[in-house]
Amino acid sequence: MFIRPFKRDAPALLVTPRYFDLITDKISGRQQSSTSFVPKHLPVKEEDIDKLDRLISVSRNILILTGAGISTESGIPDYRSEGVGLYARSTNRPVQYRDFLKSEGVRKRYWARNYVGWPRFSSFSPNLTHLSVCKLVNDIGIARCVVTQNVDGLHTKAKTKNVIELHGSAFRVVCLSCDFKIERHAFQNLLAQLNPDVKIIDQMMRPDGDVEMTQDQVEGFNIPSCPSCAGLLKPDIVFFGDNVPKDRVEEVRNEVKLCDTLLVLGSSLTVFSAYRIVLQAADLHKPIAIVNIGDTRGDQHALIKVSAKCGDVIPHLCR
Ligand SMILES: [Zn+2]
């Protein structure tokens with residue numbers, strides 16, 4: 001049985017001990033959390049939770065769209081949040097797809113930093129929001145599909161059914177010339193064999209697992225080519241400047257048609273591949289609810305907008 005943690009007369013009691021036991025039992029390993037990447041925010045208003053709860057209670061087929069804002073509570077920074085997002089902390093920007101294709105130096109830099117960041121990036125755990133989303137899909141059954149912009153695999157770790165990873169997953173590596181694929185942990189072992197002198201230390205983390213490294217470390221880094229065709233290997237994620245594969249776009253479009261409500265969690269909807277999901281839902285007159293700290297590009301289309309931390313809101317929707 002799922003325990004609804006929200007109590008009208010005790011709004012500070014957000015998580016009961018029993019509830020916490022349930023979620024920590026649900027995932028393997030220790031529950032990790034960090035608030036250092038969560039932007040400044042006010043406590044959620046009870047009336048906002050009530051409004052959202054009313055919409056959810058009459059919905060039978062919710063499509064949930066999630067962004068980097070739901071993973072900040074797991075300790076992964078987002079890109080754009082004021083003060084705590086990656087862009088506020090560093091002048092470096094994510095690699096562009098065209099640069100990755102044309103420059104060996106860019107690929108070395110990418111893979112060297114990705115190699116060093118991988119043990120930490122791959123160790124993050126789902127937080128209350130991921131686990132509540134899982135509950136809405138798997139157990140309560142009022143949400144049938146989750147579309148995520150995140151490549152951190154946390155919905156998969158939470159064991160959520162029917163997740164579409166819009167921008168792919170950092171947990172797979174693919175060849176750009178043939179259909180070779182390798183699981184990212186296995187690829188880490190290949191990189192370790194080829195780079196025995198590169199030491200892995202705790203570094204600043206990015207939303208895609210990237211970290212900072214010196215020029216010497218980067219230039220000396222060895223990258224394997226595809227064992228089948230000697231082609232270029234790349235993580236199975238949609239880089240900045242690349243497009244979401246057409247069949248995935250179609251799959252998402254179909255889910256928007258089928259849903260009766262769109263619930264957006266932790267996304268500023270700055271990236272068009274996510275924003276167009278909101279536009280399609282608005283065109284089809286589906287009710288749209290958005291939970292995000294701060295403004296989003298889709299606010300004008302939202303029936304309900306809650307500016308709050310997802311972990312303060314979403315567990316209340318699970319009954
Ligand atoms: Zn290949």
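H167 is buried, because 21 other C-beta atoms lie within 10 Å. A residue counts as buried if 20 or more other C-beta atoms lie within 10 Å of its own, as exposed if 12 or fewer do, and as partly exposed in between; the C-beta atoms are placed from the backbone. This is a predicted model: local features need pLDDT of at least 70, side-chain atom pairs count only at pLDDT 80 or more, and totals for chains, interfaces and linings use all residues. Residues are numbered from 1 along each chain as its sequence is written.

H167 sits in the loop between β3 (163–165) and β4 (168–175). Strands (E, at least two residues) and helices (H or I, at least four) are DSSP runs, numbered from the N terminus. Leaving out residues up to four places away in sequence, H167 touches Q149, V151, I237, V238 and V244. Touching, or contact, means that the C-beta atoms of two residues, placed from the backbone, lie within 7 Å. An unreviewed UniProt entry places the feature "active site" at H167. UniProt positions follow the numbering used here, feature names are shortened, and annotations may be inferred rather than shown by experiment.

Now the sheets. Two strands pair if DSSP finds at least two bridges between them.

| Sheet order | Strands | Pairing |
|---|---|---|
| β3-β2-β1-β7-β8-β9 | six strands | parallel |
| β5-β4-β6 | three strands | antiparallel |

In the open sheet of six strands, β3 and β9 (304–306) stand at the edges, each with a single partner strand, so one side of each has no neighbour in the sheet. The twist there averages 15° from one strand to the next. Strands β1 (residues 62–66) and β7 (residues 261–265) run parallel and are joined by five bridges. L65 has V264 in β7 as its bridge partner.

Helix α2 (residues 46–57) lies across β7, β8 (288–291) and β9, and runs at about 140° to β9. Axes are lines fitted to C-alpha atoms, for helices over the stretch in contact, and angles run from 0 to 180 degrees between N-to-C directions.

In the open sheet of three strands, β5 (181–183) and β6 (233–237) are the edge strands, each pairing on one side only. Here the twist averages 40° from one strand to the next. Five bridges join β4 to β6, and the two run antiparallel. S169 stands opposite D236 in β6.

V256 is buried, because 21 other C-beta atoms lie within 10 Å. Not counting residues up to four places away in sequence, V256 touches L63, I277, Q280, A281 and L284.
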